[in-house]
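Trainee: I am new to this structure and would like to learn how to read it step by step. Could we look at it together?

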Amino acid sequence: MFMNRSNRKGFTLIELLVVIAIIALLIGILLPALGKARASARQLKDSTQVRGIMQAMVTFAASDSRDEYPLPSKLDRAHTTVEDPGTGRQEEKDITRHIISILIDGGFISPEICISPSEVNGDIEQYESYQYDEPEAAFSTEKTRALWDPGFRALPSDERITGEIGADGVGGFSYGHSLPFGKRKTRWGQTFSSTEAVLANRGPAFEPIQANSSDPYELLDTDDQSPGGNYDRPLGTSSNTLLIHGTRQRWEGNIGYNDNHVSFSNEPDPESVALTFENIQNPNARTQTANVFVNEADLTRESAELNDQALNTQTDNINAYLRSFSEVSDGQTSGYTIEFFWD
């Protein structure tokens with residue numbers, strides 16, 4: 001008995017092509033949804049890490065008699081950790097890498113949570129060379145007297161300062177924080193205020209577009225630029241920070257506040273950070289949301305010079321200004337010159 005081959009069933013070429021087209025269509029529909037789900041998961045984890053760093057700062061403040069967040073200049077009065085910068089210049093110790101290193105050394109945080117799960121800069125990754133005991137970079141010849149590892153590199157731009165000690169060629173901190181100088185120093189501590197922004201995902205540079213406006217700033221136009229090797233050039237539309245959670249046209253990110261809550265914001269001037277600028281001409285527009293990435297004047301909301309480097313101890317502003325920085329100088333003269341990290 002012979003089998004009738006004409007009765008065997010199988011896919012025709014057209015049927016196979018239809019199945020492939022359907023699978024491709026389903027993949028095209030599902031991939032964006034999966035991408036959004038992954039981005040949402042990263043944002044949620046990042047929020048948890050911001051809250052963890054904030055909690056570490058609060059815990060540290062609770063152990064301090066003045067309820068202050070870490071101030072290296074006050075802790076290292078004997079200069080066993082960092083060299084004495086001179087009379088009237090002690091605030092030069094209060095830079096990002098020392099502040100974060102104090103929290104790591106005390107066990108308040110680990111180097112792991114200092115890196116955002118949404119980090120986009122290849123020069124920022126977990127710092128693997130932290131020295132908890134007898135750090136080589138300590139200024140004192142008796143390394144056991146060091147209060148933290150001053151060789152910790154928070155930013156890629158810290159390399160020029162630390163030299164080859166703990167040289168990884170990268171930075172180990174993803175976030176920006178409030179500046180503990182001048183009038184802002186009153187907010188560098190456990191104030192329990194839900195409107196005082198202290199820590200956030202890094203942000204880009206903004207430039208003024210209209211005075212006395214409820215939205216006076218826009219992204220600095222840097223489409224033809226990219227982060228330089230020294231990370232010392234302000235970047236707006238070309239900034240890596242826009243891609244951490246947002247888009248090339250819009251910053252989005254997590255912001256931590258002094259009552260230890262964290263909120264995800266779609267704008268650099270969230271509604272929770274409202275200030276009254278008394279000298280704005282229109283009285284109905286005086287209370288506005290402040291941009292946490294602009295050094296805004298208390299009375300007029302005008303910004304300082306574009307690179308925002310000059311902060312005078314007598315006249316600098318009290319609004320939230322969240323940046324990370326690798327150097328502070330000129331503390332003895334008219335104010336502070338700060339080397340901010342731009343990427």
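Trainee: In which sense do strand β2 and strand β5 pair, and over how many bridges?

Mentor: As a general idea, the strands of a sheet are joined by hydrogen bonds of the backbone, and the pairing can be parallel or antiparallel. In this model, which is predicted, strand β2, covering residues 197–201, pairs with strand β5, covering residues 253–257, in the antiparallel sense over 3 bridges. If you want a place to look, find L199, whose bridge partner in β5 is G256.

Trainee: What is the order of the strands in the open sheet?

Mentor: The sheet has 5 strands, and reading across it you meet β6, β5, β2, β1 and β10 in that order, with antiparallel pairing. At the edges lie β6 (262–265) and β10 (322–323), each of which pairs on one side only. The chain as a whole has 5 helices and 12 strands.

Trainee: How should I read a nonpolar core, and which residues touch the most other members of the largest one?

Mentor: In soluble globular proteins, nonpolar side chains tend to be buried together. Here the largest nonpolar core has 34 residues, and those touching the most other members are M57, Y69, I100, I109 and F173. The elements that contribute two or more residues are α1 (13–62), α3 and β2, and α1 provides the largest share, with 8 residues. Taking I100 as an example, and leaving aside its neighbours within four places in sequence, you will find it in contact with I109, C114, F152 and F173. There is also a second, separate core of 18 residues, which includes Y217, L242, I280 and V292.

Trainee: Is P111 buried or exposed?

Mentor: The reasoning needs one cut-off, namely that a residue counts as buried when its relative accessible area is under 20%. P111 has a relative accessible area of 11%, and therefore P111 is buried. This residue lies in the loop between α3 (96–105) and α4 (159–162). Apart from neighbours within four places in sequence, P111 is in contact with I104, Q126, Y127 and Y132. Notice also that P111 and G172 are 61 residues apart in sequence, while their C-alpha atoms are 7.1 Å apart in space.

Trainee: What percentage of the residues in the chain is buried?

Mentor: Of the 343 residues in the chain, 48% are buried. The accessible surface of the chain comes to about 16,600 Å², and 51% of that surface belongs to carbon and sulfur atoms.

Methods: Residues numbered from 1 in each chain as written. Predicted model: local features only at pLDDT ≥ 70, side-chain atom pairs only at ≥ 80, totals over all residues. Heavy atoms only, no water. Pairing = 2+ DSSP bridges. Helix = DSSP H or I, 4+ residues; strand = E, 2+ residues; numbered from the N terminus. Buried < 20%, exposed > 50% of the residue type's maximum accessible area, 1.4 Å probe, protein only. Areas by Shrake-Rupley, 256 points an atom, 1.4 Å probe, with all protein chains shown as cover. Contact = heavy atoms within 4.5 Å. Core = buried A, V, L, I, M, F, W, Y, C linked by side-chain atoms within 4.5 Å.
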